[in-house]
Amino acid sequence: MVSFNKLVKLRAGLSWMILVSLVVMAWLQPTAVHAANTEFQKLDVRVGEEFIVESTEVKEPRSFPFASSVKSAVYGQLVTKVFVGFQRNVDSSAVPSLYAHRLSMDGGKTFNRYVPDIPMTNVVQLKDGTLLSVRYDTKIIPGTNNLKEEVYYYTSNDDGETWLSHVGTLTSEWAIGHRILFHRGLMEMEDGSILAPVYGGASTDTKTRAMIAKSTDRGASWTILSTIGNDPALSSDTDYTGFSEPVIVRSSDGTLLAVMRVGNWMPMYQSRSTDNGLTWSTPETLPGQPSINAQSVDPDLLLLENGVLVLSYGRPNSNLLFSTDGTGQFWTQMTNTYAGITSGYTGMTAVGPNRFLLVGDKGASWSYNLNPFPVPNPFKIWGKFVEVDPTGKSAQLSVNKLDLQTKYGMEKISVLTNMNAVPKGFPKAGVAAAFDGSTDYKDSAFKNGAPGDGVYTLELDKAYPITGFGVSLHPGVPQSTDIYVSLDGVRWNDPVKSYNKKNTETTDYTYFSEPMMAKYVKLVSKFPEARSALNEIELFVAQDTYESEKTGQAPAGYEIIGGNAEISEKQAYESTRSLRLFDVTVTGSTYIGKFAQPSSSKTLEFMLYPKTMSVSFHVELLAGPQEQLVTNYQIAVQPDGSIRSDNGLGWKEIAGKQTIQANEWSRFRMVADEKAFKLFVNQRLIGVIDKMPDEKPPLLSAFRMVSGDPDGKGDDYYVDDVAFTTDPVYADTFENDASGALPQGYGEVTLTGSVSATRGFESSKSLRVYDNSASGIASISKETDPSSNKSLDFRIYPEAIGAANIFGITGQMINGKQTAYHLAVFPDASLRFYNSKAWVVIAPAGSVPIKTWSRIRLEASLTSANIYVNGKKVGTVGTSYPLLFDALDGIKFASGGTAPVGDDFYIDNVMFGEF
């Protein structure tokens, strides 16, 4: 039975036992398991509430909307600008075309700027940052035998703040009958040329044809490159007008996909090019959908960063279709987005990996009468945000995404790379562009044109259990890249993933069957022209970071009973999102928890941010199967910041007032087995608590967090970086050892060797070795299980060097123990090795500076060892003594000699084990 004793009041008529029983019973429902991701799999599609982008009382229509977006630096901050263009005239060639657009500076949430006359119906941002907009309508140039048209286009070099207008030309090999019109889908190619889907026809055509126009001079002149669809005999239906309104996109497999209109109330057609638009397959109706679902006008295509390809279209209504693998080989899940009077024309632009803005019009049909003009003006442009989440493993991984962008901005992680070029016209390129969330080609880390591999190495703030990663290399260009992981940045082993001439148009996801511990991630890219690129790197870890969860909703994989628990952006630990638990009612508490594979030992780690500490915040470790859960261990944070625990005999304070501070993040770690658990707060041991008495299941299987109690309210807590694991691996950080005492697991102390709070490496404590006597040396050692190979990795801070700051690995022999590898930092800050006769320099003076933290690593076998200083290999040595060692089993830190005094150094983050 779970009991909070006096800390929790019981509601009249309902005992706490019954309440807990109800909670446990509610947990009996099986947790949802995501199916494998296939092209037939149902997506999680959520269409948001409608809002108005543009309306007016002026006697003008508002119709035919288009959407585009760019990343832009505004007052020193990167924002997403969204442009929504539209027409201000009736749909008739007999009246002049009037255009305008609305501009959003916050990713499409608000549209406060109205810009007349500049059409934003067909827009692309070129690789040098220039925005190019080509107007829909054209004009045949007199005296050219109908072989040339005027093309009207606009350019901006300041992300759409100001525009220059231009007049270009389109030249045809045949006499133009139906004007060749620029619809949507401009695309810049790798060679800098621009492709534009167009439609029109020759003077001899009876139906329109869809084509690709090409410009090699940034829109000043155009020629017809190829024909996508042209078949006057395709249908005898009177609504058939020929192939028109084409849109193109580069699909996830690298091919170009085109979708086209052929007439009102008729099915759309698609075609594919495998040679960058030179030739096209025979057009076919959309695979996977009946014709009645896939009609009839203005298709628009958008490839999301999550790999899903979206098709928007209309008439009747406005609708969406999806290709889950991003190829367009199969379309599924028709979703209605607007039902009412509309032209059926829509536009889309991405504003996140899983999110896009959809715009459409209302009040405008294709046959409306404006004489007299209706009052009030019924014509409006609407917007809706659409969330599209794949439900396969890549989506599940994205829940645990590591926020590299935020951590880099806080200087918690670093990058070592030669991919730091900023090509002309690519102002957003650079080291950090590789994790800015954008797969736009120009938002990449580029290597310069010099020969050699491109190397990009991430050093994380600590070792993480990596469960997978997402990579976009060089969009549109095949590239070969190997990916490695490492704990120490020195030993990399074989690649965990290799790409061979891979064209990654979207982020490619890889996940591991078991997490891989790593602090370093390295990508080595080989590119024939030496211009390697890393467009995007995402890392996923075995802890709940909530970074890709939807705000305002419960996190995936958790069970929630009562109260309020949701993802929030109000607070987060070195990231943008966290899990919020808040209690606003006196009729119940908020329970949230998660199951894991049962085991006899578990470690629960999390960050906690109390916003309001009103009643209490409980954490429980539960055991047993889902249908018979019982509480083995529990703690409670009190309003005064103290912490209490319950061992079944009553609540007891284990940490005093203000241990936990409101409006500050605190790190919790609960390490439990079948007998007791240790509680660490902010890396300090708070206490050891026995398991609650009575017969309880030995296997721990779940954790649960509870805000408040049934009769109280007001608690408001944020939780982040939650990990519920078995057998965690940690270095000796000495944070939980008492200052002035011998650290746990260490022994053989002579003179001074103890934990010190004077300094620590990225922490508050370390191990100090201090020689203040001329009659002996200071030394401290640690023994482990014997092995034929060992690695010793640690940080050293030489405060003073009287003779030498010594360290080494000890070994076993037939007749006893001896130091196998004997090394020391000397007064000139050199690193030296003792070869049984003399101290030999293996790293020159200054290699291990005084009063600075340095990292040293030894990788040792029974006969030799590789030595590294600050990640660089400095030498290979044999054993210090010509002896035959049976095993390596210990480490030692010591001062430099009996007579000299003054050696004083600090050791931290000690890792010693097999490699």
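**Salt bridges around R88**

Author: In this predicted model, the count of salt bridges comes to 34. One of them brings the side chains of R88 and E60 together, with a nitrogen-to-oxygen distance of 3.1 Å. This pair links distant parts of the chain, since R88 belongs to the loop between β4 (77–87) and β5 (99–104), while E60 belongs to the loop between β2 (51–55) and β3 (63–74), and the two residues are 28 residues apart. R88 has a relative accessible area of 12% and is therefore buried, the cut-off for that class being under 20%. E60, at 15% relative accessibility, counts as buried as well.

R88 also takes part in a salt bridge with D117, where the N to O distance is 3.4 Å. D117 lies in the loop between β6 (113–116) and β7 (123–125), and R88 in the loop between β4 and β5, so this pair ties together parts that are 29 residues apart in sequence. In contrast to the buried R88, D117 has a relative accessibility of 49% and counts as partly exposed. These contacts belong to one network, in which salt bridges that share partners join E54, E60, R62, R88, R102 and D117.

Key:
Residues are numbered from 1 along each chain as its sequence is written. This is a predicted model: local features need pLDDT of at least 70, side-chain atom pairs count only at pLDDT 80 or more; totals for chains, interfaces and linings use all residues. Side-chain values use heavy atoms; hydrogens and water are left out. A salt bridge is a side-chain nitrogen of Lys or Arg within 4 Å of a carboxyl oxygen of Asp or Glu. Helices (H or I, at least four residues) and strands (E, at least two) are DSSP runs, numbered from the N terminus. Buried means under 20% relative accessible area, exposed over 50%, partly exposed in between (1.4 Å probe, protein chains only).
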